[in-house]
Structure formats: structure tokens, C-alpha cells
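Take your time, and turn the view as you go.

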Amino acid sequence: MSRIGVFVCHCGENISRTVDVEQVAAAAGNIPGVAFSCDYKYMCSDPGQNLLKKAIAEHNLTGVVVAACSPRMHEKTFRKAAGAAGLNPYVCEMANIREHCSWVHENREMATAKASDIVHLMVERVKKGKSLAPITVPVTKKALVIGGGIAGIQAALDIADAGHQVLVVEREPSIGGHMAQLSETFPTLDCSQCIMTPKMVDVANHPNITLYSYSEIEKVEGYIGNFQVTVRKKARSVDESKCTGCGVCIAKCPKKKIPNEFDQGHGMRSAIYVPFPQAVPNTPVIDRENCTMFQSGKCGVCAKVCGPGAVDYQQEDTLTVESIGAIVVATGFKLYSIDRKPEGSMIQGYGEFGYGTIPDIVDGMTFERLASASGPTGGKILRPSDGKEPKQIVFIQCVGSRAREKGISYCSKICCMYTAKHTMLYHHKVHDGQAYVFFMDARTPGKGYDEFWRRAVEEEEAVYIRGMVSRMYQKGDKIIVMGSDTLVGVQVEIEADMVVLATAVQPQEGADLLAQKLGISYDKYNFYSEAHAKLKPVECATAGIYLAGACQGPKDIPDTVSQASAAAAKVMTLFAKDQLERDPVVAKVNEKYCVGCFACKKVCPYGAIEEKEIKDRQGNVVKVIAYVNPGVCGGCGTCQATCPSKTVELDGYTDEQIMAMIETL
Amino acid sequence: MKNKMMRLSNETMNIGFVKKVESLSGSSVRRCFQCGKCSAGCPMSAFMEHPPNRIVRLLQLGQWERVLAGRSIWYCASCETCTTRCPNKVDLASIMDALRKLSWDADGPSKESYVQLANRLFIENIRTYGRQYELRLGAAFNMKSGQFLKDLMLGPKLLSKGKLKMFHSKNRNIAQIEGIFKRIEEMRKKGEAL
């Protein structure tokens, strides 16, 4: 016979205002199997918990129901208290009479009746409940960082410094990401590469870090602490172990007129190339689509001039499988393009700005490269069309961002600051030039940020115009910018030499495909979703996968570095234990009755169902049945609802328990 | 003029004029971030075609003609509410002073406004009589502005109540007053005064 204890909480006045808690406690006392019931003002307080512990000992209780708030709030608290009093924590359940009752009802009588019903349900559930033990899973203490931008670099260095092995996988031939492309950084105007390249070199030299550049994630299997990740190392056509990085091949390559992606297509590179001089690793890669050798089979200059014989035209993609304990996703962002978009795309182009056909209308990243000392113009600000120095330059903020009709309703967060920075860089380099900025709002919430943009306005003579640009068109060698100044209330027209668009920040190309491989969720823009917007900002809903940087939402460098370090800390917390403990609320298969139809496998959102062979004594396979991997199971119960033979059951929510609950009503 | 399109370029933005305003007023124009608190508290704002914040905004864009063409700067009562309340230390009252001064020197282009004319006649009156001789001021204003019958019917009423004197009474120390005017003129020539 069960001996259940029922503890009804007032929650100050939160519950007692609408529910007659004394009556609920008294009614609970009359339920068969309830040995003790009481009410108390704050059950979660220390005296409240002591009351629970004392009652368990005095009345020799076999189960506990705490009628209070949501289990999300205090289930852990009460299970711990019950555990401390010698009870199995999993026979302690909460009846939610606050969120599900007192907060949503006004009629006291009916609310009291409903609260009694909720308590009764839970009592029946606890009666049929079983003692459970937490599940332990081993942890592989090796982390995978996807993306080698500043987020990935920071996370990798932090985890590696803590003494754990880290695998960094970067899609491009070099790590560094967008930060390596930047000219200067706000709000201090220090050179981006000067602070970035030492960190890149640290990654390359760290004994705990293995760098897979020019590689992509092929497949991810497994679960927290035990992932199996397949990495595709794309054919570089240069043997990394032999190459000394001397650069002779690059100098001798006859094909030199290929637009350099690193310079946003404004500089030129050869077919065998490193993206930029400080690249890590400093090993060239052959761009097979543009290489004469690969296209016509006639050339081979690079192989001839290479001293160590590192050039290998026969090299093929290789697949490597790695055992990984935790994954940090740091895939970063790309910039919105104003080009005409294919039909059906959520993101629209900008016809009023010429769909990207006017050569002197460039985006912010291109301006960074033009202003950068290592850029295609050697740091001189020259416009792309004719290489002239622009004397009238117009910057437009919120291009794509905050434009629902164009497909994006969010604020890209970094554009106000980098545009202010651009006006300063321009003013420092073109003394007789004038910079204009069209803006809707100046959003500069950050340490030293507002001061920075005020400096652009007050000291660096940028003319900020509050209003948007409705249209731009080419007239001779000028771009006519038609906008408005909403503060004065008149139309504004500027004959500009060059226009820089602060285009929206979007998730990196293929972010959705990677998310599908990882089994993590993403929003309609393909930004990865955190588990909780406020309290779990770096965790994914999928255990063991963490987020860092702009792949989760637009972020500047300080925020990205903070989040990367936070993600690294989460990984270290995970790696601090040899065994991982988790709630035993997982599904189990009754092997006797399972017929192996695998209907459960089709519906499982976690991929937790595996196939298990049942053999007889001779070792012959008798039948193949479903097996739930407890490390992966999320405890959602979908399999239980689907199983036609009722052989899958979720611990804590068995059919027997659920039926008993229904029967009380 | 008010709603005419602005063409912005180095030529159309008179930054020299803005620098003059800044040096005369001792207040930065660029510092203003257009919160509008000056206009919110201005008792004359309702009568101005450009409220105080827009005057500063036009200055930021070097639009001197738009600023001087209107009545706003002459309607300013110099109560200094704007200066007192500005969160950004923009001394708008001094800027208004500077603008009135520059408008005076430029002799317009505030032609559409008679405020400047009234101010000019007022000062001339003081210089001639050492104090205000309202009847002459009113007559001179009506003549010069071409509004001969303006407020004519108010005359007898004011005269009968003794608010308007038929004959002027000259200040005894008129020579000293003339001295003050001369001294200021000389200081202005040397650039020591506004």
C-alpha cells in the first residue's frame, strides 16, 4: 500500500488568492493511499523543505506530491529534498496549481476544485511510479569547433588552454574569418589584423588543437559526450606536410587575373593561392575551376617550380571520422546582397538601388578591404569603377535590415557602429572629402559605442541625415542619391562619387544544411536557435552542442568573443566529469513484445532508436527489435504514442500511470 | 522655401557660416543629436515655421539661407529655456543671438519678416531719443513696411489712456547714450563685440 504525502503551497498569495489551499490539503487527505497532507506558505523555502523531509521520515512516506508551481521552477528543489530524506527523487512529483490553475482562473470555488483534481491526478501517478536511477554516459573529452573565425578561434583556444583536445574545422583555405578582412575595429580603431593574426598563429601552434582547414562537416552521429563526426578534407592539391609556404608557385602561376574572394572580388589572385599573406595555414590551395592544368591538362608550372614537390594534382577529398564529446558551432555570417534574387526567395533584391549593377555602390565589407592597408588599393580609398578618389561619399544604413518587405525584419546590430567607423576612416584618408550617412536610428548600445558615433558626427564631420534613400541611379560618373531628411522634413539629393551600403547580416551560406546534420534548430532566417533566449544563450536545445558568434544572431566582435568564451566554459563544465548524469526519463522497449516494425524510429525526433538483434543460443538472429539509446533519448514520448504493440514506454510516464491519472477524472 | 528639396554638396553646405555661428555663440552645432527638448519647451515654438531643433538641424547641414529667411530667429524671446534644458550643452539661446546678428549684418535675407525692420527701428529710436518714442516707432514701421493703416485704430485708445505719448521727451543724457552706441560700433569694427 502506498503512503503518499501531499504538500500544498500558498506561494505567498499567488496560489492562496484564488485557491482554498486548506481545502485542497484536506481533500487530498481523503484520497486512498495518502498518508499525510498539509499546506504551507512557502514550500520552497528552507522551513518548507524541512517540513517535507520531516514528514517523509515521520510518516514513512513512499511518495510525495508537492502542489505548487511549475515543475520547471522547483521540481529539482523538491526532488533534492526528497532525496535527502532518503526517498527516491523520482517518486517526488509536482502538481502545478499555480501556472495551470490559480494564475489563470478567477472563480475561487472552481479553481479550488480544479486544484484538488490536479493533486489527485498526481497522487495516482506517483502511486504507480517506480524508483528510477539517473543514467550515466561516458564523456569523450575532445571538442569540435566548427568555423575558424574569431568565435571559433576564441572557443578553441579557451578549451585547448584548459587542457582538452580541440578539433577546428574551417571551410575556407585559411582561418581568420571576417575579422581578418576588416581594416580597423570599433570603438578603438585598432588594426583588426594586428589583434587577429597572433590568435590565428596560436591556433596553429597549440599542442592541443588540430586544425582542419579547407574542410567541411560531412556527417554527425551520436549524442552528448559521444559524437561521431565525419570531416571531409577537401583536396587542396598541395601536400601540407611537404609545403614550406615559400610562395614560388604563387609567383610563377601564369593565371593571375582571378578576382580574390578575400578582397570581395576587387583584388586579383592566381589559380594557386593563399587567400591573404597572413593566412593560417600558410599552405596554398589550387582553385581547380580556374587552374589551366585542371581545365586543359596543360601547364603544371607550380609542380615544376615547387622545391619540396608538394603540388599534387591527383589529391582527392579524404574523409576522417573523429570521436567528439562536445561541439561548438561558430559558422558566422555573410552580408546581404542587393542583387535580384531568384523567384520564390524570401529575401528580395533592391531594384531602387539598381540591383547591384552600379559599380560604385559597394557593401560595407568591400569598403573595409578598400580602406585596409593590405587591400587591393593598398589602403587608399578609390572607387571601383575608375580608381578615382571619391570626394562625396554616401553611406546608407539599414539596407536589408529592418525591412520586412525585403524579407528581413531584424536589426543587424553592427552596422551603425561600422558605418560610423567608415566615416572616420574616410575622413582620415580623404581630407577634402565629405561623408554623408543616411540612417533611420543610431543604435549604439555598448561600452564606448555612443561616444564613438558622436565623435564621427561632432569631430570627424560626417553629416548624418535621419531618413532613408528611396532611389539611386547613375548619371554620368556620379550616383544620384535621392533621400529625405525627416528632421527638416524635406527631400535631399546628393551627387555622390561612391555609395557604401551597410547591408544586413545573414547567417553563413549553408547554415541550414549544417544544422540539419547536427540536429539543431534554426529560425526562418537560418540563425541557430539557443535553448533559452535569456538563461541558456549559448546552449542548443540538442545537448552537447553550443553556439558562438554571429551564427546565432548578428553580433559584434566583443559580443562574439564573450559568447565564444561562454561556450568554451560550457564545454569545460561538461568535460570536468568523466561520466555524464542525466534524468532517467527515457523510453524503454519491452524486448519480449517488440515486433521490430520501427514505427518508433520514424517518429523519433532525436534519432535515439537503434536496431538490436536478438540471437538464440546458437548465435542465430531470431528477430531485430528497437532499442532506445538512453544517451540520446529526449524523453518526449512520441514513440510511446506511436508504438502499435504498446511495447515502448517512457519511464515516469508509463501507460499505467497515464491511465490511472485519467481514471480519477 | 520651406519644403524645397535640399541638394547637399560641399558648395551648398555653407560650413563657413556655421563656423561663424559657432564662434559667435561659443556653442557647438554638431553636438546636437536632435532630441527636440528645446522645441518641446519653447514658448514661441508654435509661432515659428522652423522650431528651434530644426534651426540647429539646418545649421548642421549648412543651410544658412533657410535659417535666415524665416521668422523663427526673430520670434525667439531669448527666455533661454532651451539652453537651460538641453541635455547636450548646446547653447541655443546664444545661437539664436548669433543668427540674429549675422542676419542683421547680411541685411536679410529675412525680407519676408518685418521683425528685423521693427528691431532696427527700435534701436534707431533709442539712439535718437535716448528712450522709446512709440508713436514715431509705429509711424515709421507702418511707412517702411508699407502697411500704412496697420493698427491705426489702436492709436486713439492708447493715446486716451496715456499709453502712447503725443510728444517725445528726450533723455537728458542723450550724449552719453550716443557715446555708448559709438563705442559699440568701434568695438565691432575691431571685432571685440558682436
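How many residues does the contact take from chain B and from chain A? The contact takes 16 residues from chain B and 16 residues from chain A, where two residues are in contact if their C-beta atoms, placed from the backbone, lie within 7 Å. On the side of chain B that touches chain A, strand E1 (6-8) and helix H3 (52-60) each supply at least two residues. By class, that side of chain B has 5 nonpolar, 5 polar and 6 charged residues. Here Ala, Val, Leu, Ile, Met, Phe, Trp, Tyr, Cys and Pro count as nonpolar, Asp, Glu, Lys and Arg as charged, and the others, Gly among them, as polar.

Before going further, note that this is a predicted model, in which local features need pLDDT of at least 70, side-chain atom pairs count only at pLDDT 80 or more, and totals for chains, interfaces and linings use all residues. Residues are numbered from 1 along each chain as its sequence is written, while chains are lettered from A and ligands numbered from 1 in the order in which they are written.

**Chain B**

Chain B has 11 helices and 1 strand. Helices (H or I, at least four residues) and strands (E, at least two) are DSSP runs, numbered from the N terminus. The C-alpha atoms of chain B fill a box of roughly 55 × 40 × 35 Å along the principal axes. Of the 194 residues in chain B, 28% are buried; a residue is buried if 20 or more other C-beta atoms lie within 10 Å of its own, exposed if 12 or fewer, and partly exposed in between, with C-beta atoms placed from the backbone.

The strand of chain B also meets chain A: strand E26 (residues 490-496) of chain A and E1(B) pair in the parallel sense over 3 bridges. Two strands pair if DSSP finds at least two bridges between them. Ile494(A) has Leu8(B) as its bridge partner in E1(B).

**A sheet in chain A**

Now turn to chain A, where 4 strands form an open sheet in the order E2-E1-E3-E4, with parallel pairing. Strand E2 (34-40) and E4 of chain A stand at the edges with a single partner strand each, so one side of each is left without a neighbour in the sheet. From one strand to the next, the twist averages 15°. Axes are lines fitted to C-alpha atoms, for helices over the stretch in contact, and angles run from 0 to 180 degrees between N-to-C directions.

Strand E3 (residues 63-68) of chain A is mostly covered, with 6 of its 6 residues buried. On one side lie Gly63(A), Val65(A) and Ala67(A), and on the other Val64(A), Val66(A) and Ala68(A), all buried.

| Residue in E3(A) | Partner |
|---|---|
| Val66(A) | Phe7(A) |

H3(A) lies across E3 and E4 of chain A, running at about 150° to E4(A). Helix H5 (residues 108-127) of chain A lies across E1, E2, E3 and E4 of chain A, at about 155° to E3(A).
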